[in-house]
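Please open the model in a viewer and follow the stops below in order. Each stop names a selection and then describes what is found there.

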Amino acid sequence: MAINLAAKYSSQIDETIRKGTLTGAGVNNDVDFVGAKTVKIYSMDTAPLNDYNASGSNRYGTPLELEDTTQEMTMTQAKSFSFTIDKINAVDSPEGVRDAGRALQRQIDQKIIPEVDRYRLAVFANNAGVRKYIENTAANAYTTFTNANTEITDNEFPTEGRVAFCKTSFIELLKLSEEFTRNTDLAQDQIIFRGQVGMCDGVAIIAVPSARMPAGVTFIITHPLCSPAPLKIQDYKIHADPPGIAGHLVEGLIYHDCFVFEKKKVGIAVNYGKFGTLTAAMTAETEAGKGKVTVSGNTSGATLVYKTAASVTAPTLGTDLSSGWTALPADGVVSATSGHKIVVAAMDADKKAVAASAAITVVVGS
């Protein structure tokens, strides 16, 4: 890859300004993962209420042994990076352009933080107890949000402390809603979280760049009580002139995860309000009847599936994909009939369509 040296390029670097982590307001550190990769969480059930009896030996009712359920949480997210800044390249660039410290900060801002947010938001969406598939418009954005929030309240979940992670395009629809402008409170003294742009129905609204949101999701309402998010290792190093390298070697490791308590998923609501567009392409493999499918577009938090036949219609938002669709292999190689059509779709945890490609013609080896 070419390196932009001062002799050829402008002395100015286009520093992309990225927001810091936005999901901190929606998680907690209540689960202790110190010294363990997997933690078992015990949730105790409750006892039924009885009519008190003023006589007899069991005046409070027959004692029942409380049952419990167990949930295992295993950490899986260990992400790392490594890059070098050669000493010659550094001295041939304007002062500070190839500074190792600045380069590390860019790596954290532009790669690490968005990745952590994307992962947490996908966990929230996939485990939400309240699920909606309502295409959002300016006319229904406010009511869709308040109806979802009401369902969480009806689930007897605490109201204070809720936060909503909203796609920026959804916030634009909210601003066009008469109900929102009439009922919301946008006072600056209400802003307490990073990325917060106001309040809606008593919930803090946090704007999230589209690229960090799960496929098809326009908003997620949650509460930090629902989700522990351990961050066990956050280790970044800058090595000056290590063996074999003239310059700096920069390395980093982050070991993190995010979970949802099984008994508290009723405190999370997600709306898939914008059907995503995927772009699919297919090339022939050397083996007869085999072709490789490649897909681009937002698939975060979703599972890719496909359907192929002489004629195939792309699904719409919320279509049930539990039957008739096949998981797309990780390498994209599938068996199909030349000249047939193939559609690739992204489905959520409930196996509902949240994005899809147009039907394309199958290309396979002969």
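Begin by selecting tyrosine 52, which is exposed at a relative accessible area of 51%; exposed means over 50%, buried under 20%, and partly exposed in between (1.4 Å probe, protein chains only). This is a predicted model, in which local features need pLDDT of at least 70, side-chain atom pairs count only at pLDDT 80 or more, and totals for chains, interfaces and linings use all residues. Residues are numbered from 1 along each chain as its sequence is written, and side-chain values use heavy atoms, with hydrogens and water left out.

Rings of Phe, Tyr and Trp (its six-membered ring) pair if their centres lie within 6.5 Å; planes under 30 degrees apart are stacked, over 60 edge-to-face, and the rest tilted. Eight aromatic pairs are found in the whole structure. Tyrosine 52 and tyrosine 60 form an edge-to-face pair, because their ring centres are 5.4 Å apart and their planes stand at 65°.

Now select tyrosine 133 and tyrosine 272. Their ring centres are 5.4 Å apart and their planes are at 10°, so this pair is stacked. Tyrosine 133 lies in the loop between strand S4 (130-132) and helix H3 (141-154), and tyrosine 272 in strand S11 (residues 269-272), so the pair ties together parts 139 residues apart in sequence. Helices (H or I, at least four residues) and strands (E, at least two) are DSSP runs, numbered from the N terminus. Tyrosine 133 is partly exposed at 21%, whereas tyrosine 272 is buried at 2%.

Finally, select Phe81, Phe83 and Tyr236, which form one aromatic cluster.
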